[in-house]
Amino acid sequence: MKKIICVFSLIAFLLSAEQAIPAAPPPQYFTHCGQSFVNHTSQRLVVTMTTDMSCPNGNSVVGVTLDGLVDLNMNGKTLTGGWYQQAGIGVKLIGGNPRLLGPGVVRRFTRGILVAGARNAMVSGVTVSSNFQSRIGSS
């Protein structure tokens, strides 16, 4: 009888331990300009760019915003702004430690990549070119 109780106790413990581990957020996709991805959990959110994109003109345009524990995999795609002086920001990295991962290209924005308040932002394998004011800037 003690063996059966021990086995049931062990199973109950393992089931409760499995439930205590937070699940990773489901993958998400960057499909159009202006999207924001926010994640302030302990598990990293993975976002994949699915197609080359051209964003409209306008100083208030932001191609994509990454806030917190978010990875954007550019997946070999290109994010293009409009006319240089009025093309806004390609990628805005804020809060926590967002990561922009290549291969990929960010081009023809007023600012290609803006880091604003992110403590440990990372950009890796991304080509940032033909931006009006700066390729990578901070505020």
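Which residue in S9 is the bridge partner of Thr-80? In S9, Thr-80 is partnered by Arg-107.

## About the model

This is a predicted model, in which local features need pLDDT of at least 70 and side-chain atom pairs count only at pLDDT 80 or more, while totals for chains, interfaces and linings use all residues. Residues are numbered from 1 along each chain as its sequence is written, and side-chain values use heavy atoms, with hydrogens and water left out.

## Strands around S9

Let's start with the strands, which are DSSP runs of E with at least two residues, numbered from the N terminus; two of them pair if DSSP finds at least two bridges between them. Strand S9 (residues 99-107) runs parallel to strand S6 (residues 70-73), with 3 bridges joining them. Here Asp-71 stands opposite Arg-99.

Strand S7 (residues 78-80) is also parallel to S9 and is joined to S9 by 3 bridges. Between S9 and strand S11 (residues 122-129), again parallel, there are 7 bridges; Val-105 has Thr-127 in S11 as its bridge partner.

The whole structure holds 2 salt bridges (a side-chain nitrogen of Lys or Arg within 4 Å of a carboxyl oxygen of Asp or Glu). In one, Asp-71 pairs with Arg-44, with the closest N and O atoms 2.8 Å apart. Arg-44 lies in the loop between strand S2 (35-39) and strand S3 (45-49) and Asp-71 in strand S6, so this pair ties together parts 27 residues apart in sequence.

Asp-71 also forms a salt bridge with Arg-99, where the closest N and O atoms are 2.8 Å apart. Asp-71 is buried at 8% relative accessibility, whereas Arg-99 is partly exposed at 27% (buried means under 20% relative accessible area, exposed over 50%, partly exposed in between, with a 1.4 Å probe and protein chains only).

Notes: Helix = DSSP H or I, 4+ residues; strand = E, 2+ residues; numbered from the N terminus.
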